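Thanks for coming. Please have a look at the structure first.

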Amino acid sequence: MIPLAIPNLTGNETAYVQECLDSTFISSVGPFVQRFERMVAEAAGTTVSVATPSGTTGLHLALTAVGVGWGDLVIIPSFTFIASANAVAHCGAVPWLLDVSAETWTLDPAALQDGLEAETEWRDGVRVHVPTGRRVAAIMPVHVLGHPADMDPIVEISRVFGVPVVADAAAALGADYKDRPIGALGADLSVFSFNGNKTVTTGGGGAVAGDDPELMERVRHLSSTARLGPDYDHDRIGFNYRMTALQAAVGCAQMERLDEFVTRKREIRRTYENALLSLPGLQPFAAPAHGRSAEWFTGVVLEPAVHGEISLVREKLRAMAVDARPFWKPVHLQAPYANAPKRRLDVTQAIWNRILTLPCSTGLTAAEQDRVIAAVRKVLA
Ligand SMILES: *Cc1c(COP(=O)(O)O)cnc(C)c1O
């Protein structure tokens, strides 16, 4: 089976993990976590980053740091991985689900503006969602698949309505927007994932990146039990959300190859599109004109009237040893969020069940990609 997305560990991973073990500094102290945090901040275009055990915990930490708490509302696109919503729920808050734009598959600034105008008002200096009476405590655009969200209008709207922005940039390291790196787009904080299937991985891991020294100090403080100095004094309910040096050792080796990996991902997309888009009833993935995606996952969008059920297409491809998959079922269709407030979700509804992801590991060989292409052509002919 040609797998969908597996880690590429052919660089300095083994050497750095061995160095880490030999040093005995395998917890969060020692040089590897700091080195990894510097590398992530540099790639994101921020001054600082704080490494975490996962993207989900990074989002929880970031939302907590900007003040999201019990009973609040956080705006997210419904078209995202459920972890975005879970991080909101872990804060005791509720996601407010908005639509994405058809051109980018990321949070639609017009939907954001319309939602805030139609359903919120100021009450004692707080932006309140009138139908639920909840405070709108954050906006979380998602750089879905590594595609940058349209951040200039989103950040402008966030300022008008007085709500902070935490970007779910889980799979977007290496992307840019209007020639600015993905962490330097005006979000208060941006959160990355280094899960096993992401382009750059630490097995499991994450990072919160930002520029505001005070806010980033709060992130770091909350990530390690909110402890004040060497005595056991703690001024808040903190977390134990620190990445270990063993993960960071892998991450340092991975980050050395970020540019190479992202270049390879973009090449894989181009090769699939050149070979497949001439088939009837196929459309490309979204390609935002305002930036360059990190192209975490690649594939094609199927016209159901031409190709039928996506699950059958997937089964046929799997029978030919190609690990094609459907993509995320949106948040509003997930049982835990069935009652979350939402607005029109036409684009999300129209696309989510038509997306077929294809094998796109950075280690995919040309011969393997040819096999995938031949299998797709055969199944969809
Ligand atoms: C991968 C991903 C996450 C979750 O990250 P984990 O490290 O698996 O917790 C969250 N949001 C999006 C958009 C992702 O792609």
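How much space lies in the largest pocket? About 470 Å³. Keep in mind that this is a predicted model, so every value I give is computed from that model.

The largest pocket is lined by 31 residues, and those closest to its centre are Phe81, Asn197, Lys198, Trp296 and Trp328. Sorted by class, the lining has 16 nonpolar residues, 12 polar ones and 3 charged ones. Which elements supply at least two residues each? They are α3 (55-65), α4 (82-90), β10 (189-193) and β17 (325-326). The one that gives the most to this lining is α3, with 3 residues.

Now the helix. α13 covers residues 366-380, which makes 15 residues. From first C-alpha to last, α13 reaches 21 Å, close to the 21 Å expected at 1.5 Å a residue.

Which residues of α13 are buried? The list is Gln369, Val372, Ile373, Ala375, Val376, Val379 and Leu380. These residues lie on the same side of α13, because they cover an arc of only 165 degrees around the axis.

What do the buried residues of α13 pack against? Their partners are two strands, β14 (282-283) and β16 (298-302), then α9 (258-276), α10 (304-307) and α11 (310-319), and also β18 (355-358). On the face turned away from the buried side, α13 carries the exposed residues Ala366, Ala367, Asp370 and Lys378.

That is the end of my part.

Definitions and conventions. Residues are numbered from 1 along each chain as its sequence is written. This is a predicted model: local features need pLDDT of at least 70, side-chain atom pairs count only at pLDDT 80 or more; totals for chains, interfaces and linings use all residues. Side-chain values use heavy atoms; hydrogens and water are left out. Helices (H or I, at least four residues) and strands (E, at least two) are DSSP runs, numbered from the N terminus. The expected span of a helix is 1.5 Å times one less than its number of residues. Buried means under 20% relative accessible area, exposed over 50%, partly exposed in between (1.4 Å probe, protein chains only). The arc is that of the directions from the helix axis to the C-beta atoms. Contact means heavy atoms within 4.5 Å. On a 1 Å grid over the protein atoms alone, a cavity is a set of points where a 1.4 Å probe fits but cannot get out, and a pocket is an open set with protein on both sides within 12 Å along at least five of seven lines; lining residues have an atom within 4 Å of a point. Grid points are joined across faces, edges and corners, and a volume is the space filled by probe spheres set on the points. Ala, Val, Leu, Ile, Met, Phe, Trp, Tyr, Cys and Pro count as nonpolar, Asp, Glu, Lys and Arg as charged, and the others, Gly among them, as polar.
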